[in-house]
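Thanks for coming. I will go through one model this morning, starting with the sheet and ending with a few single residues. Please have the sequence and the structure open.

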Amino acid sequence: MDLELKGKVALVFGAGGGLGGAIARSLAGEGVRVVVADIDEAAAENTTSAIKGAGNEALTMGWDIGDLSSIEGRLASIEKAFGSVDILVNNTGGPPPTPAAGQSSQDWSKFFDSMVRSVIAVSDAVLPGMLQRKWGRIITSTSSGVVAPIPNLGMSNALRMALVGWSKTLAAEVGRDGITANIVLPGRIATGRITFLDEQKAKREGRSVEEVAAQSTASIPVGRYGRPQEYGDMVTFLASPRASYITGSVIRIDGGLIPSI
């Protein structure tokens, strides 16, 4: 199937990591010119190298998404190199594991700025161009905690939920202008983040990481952790004209894991 994406420009945040990197590579494989953005520029460069090695176009951009003052300059650089952003993939890191109660107001503010305010600010910055061209995709990667809160991820559950309400509202505002806004959320995808969470759980419970991973796998109907490419491919489909009738949605890539309907 031709996803009709060749020549589009995508800005992918967190593209030096497991999920973001998979998204960037999948988009590039469809002929998208990808801006590989990450606070860790060396990690982003690894993704860019893989994309270029496959014969596709990519540009590395070191970018701390929490630094709102850098947005205008970064977008100007993208415009000069590739053109205006057609596809925005919002993908941020999360806070450390915490209970919901007892967290400092400073930490709530810090992670709200880096996980929520930053996403909204970048989206607002690319929207005018999308509105002018009557086409655009804003895809935000969150967490399964927004539909089934995850124990000991209190801050993550709460802050990522804010993005779901924002995205749904935005979808209603811009749908007639050819722009879609969707949320994607992973189940247990085999990335460094999941390894970290398994290690933290093992430490808390006095068990081995292998035991924790085996227990998690047993709860997944397809019987395994997901592959990053599977996540990236779903995002690429949502970014395509083929998915023009999907907006305001929350898409699960979870192997049937998430227990809520």
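Which strands does helix α3 lie across? Helix α3, residues 71-81, lies across β1, β2 and β3, and runs at about 165° to β3. Angles here run from 0 to 180 degrees between N-to-C directions, and axes are lines fitted to C-alpha atoms, for helices over the stretch in contact.

Some housekeeping. This is a predicted model, in which local features need pLDDT of at least 70 and side-chain atom pairs count only at pLDDT 80 or more, while totals for chains, interfaces and linings use all residues. Residues are numbered from 1 along each chain as its sequence is written, and side-chain values use heavy atoms, with hydrogens and water left out. Helices (H or I, at least four residues) and strands (E, at least two) are DSSP runs, numbered from the N terminus.

Now the sheet. Seven strands form an open sheet with parallel pairing, and the order is β3-β2-β1-β4-β5-β6-β7. Two strands pair if DSSP finds at least two bridges between them. At the edges are β3 (58-62) and β7 (250-253), each of which pairs on one side only. From one strand to the next, the twist averages 20°.

Helix α1, residues 18-29, also packs on this sheet. It touches β1 (9-12), β2 (33-38), β4 and β6 (179-186), and its direction makes about 175° with that of β1. By contact I mean heavy atoms within 4.5 Å.

Take the strand pair β4 and β5. Strand β4 (residues 87-91) runs parallel to strand β5 (residues 136-141), and five bridges join them. Ile 87 stands opposite Arg 137 in β5, and Asn 91 has Ser 141 as its bridge partner there.

Is β5 mostly covered or uncovered? It is mostly covered, with six of its six residues buried. Buried means under 20% relative accessible area, exposed means over 50%, and partly exposed is in between (1.4 Å probe, protein chains only). In a regular strand the side chains alternate between the two faces of the sheet. In β5 both faces are covered: Gly 136, Ile 138 and Thr 140 are buried on one side, and Arg 137, Ile 139 and Ser 141 on the other.

Pro 186 stands opposite Ile 253 in β7.

Next, the helix pairs. The axes of helix α4 (residues 105-133) and helix α5 (residues 154-174) come within 10 Å and cross at roughly 20°. They are therefore roughly parallel to each other; the cut-offs are under 35 degrees for roughly parallel, over 145 for roughly antiparallel, 65 to 115 for roughly perpendicular, and oblique for the rest. The crossing of α4 and α5 is right-handed. That term applies if the near helix is turned clockwise from the far one by less than a right angle, and left-handed applies if anticlockwise.

Residues of α4 in this contact include Trp 108, Phe 111, Phe 112 and Met 115, and those of α5 include Leu 159, Leu 163 and Trp 166. The contact divides into 17 nonpolar, two polar and two charged residues. Ala, Val, Leu, Ile, Met, Phe, Trp, Tyr, Cys and Pro count as nonpolar, Asp, Glu, Lys and Arg as charged, and the others, Gly among them, as polar.

How do α1 and helix α8 (residues 228-239) cross, and at roughly what angle? Their axes come within 8 Å and cross at roughly 55°. That makes α1 oblique to α8, and this crossing is right-handed. Among the residues that meet are Leu 19, Ala 22 and Ile 23 in α1 and Tyr 231, Val 235 and Thr 236 in α8. Here the division is eight nonpolar, five polar and one charged.

Last, single residues. Gly 18, in helix α1, is partly exposed, at 33% relative accessible area. Its C-alpha atom is separated by 5.2 Å from that of Thr 191, 173 residues apart along the chain. Leaving aside neighbours within four places in sequence, Gly 18 is in contact with Thr 191 and Pro 228.

Thr 47 is in helix α2, residues 41-53, and counts as buried at 4% relative accessibility. Not counting residues up to four places away in sequence, Thr 47 touches Ala 15, Gly 16, Gly 21, Ala 24, Arg 25 and Val 36.
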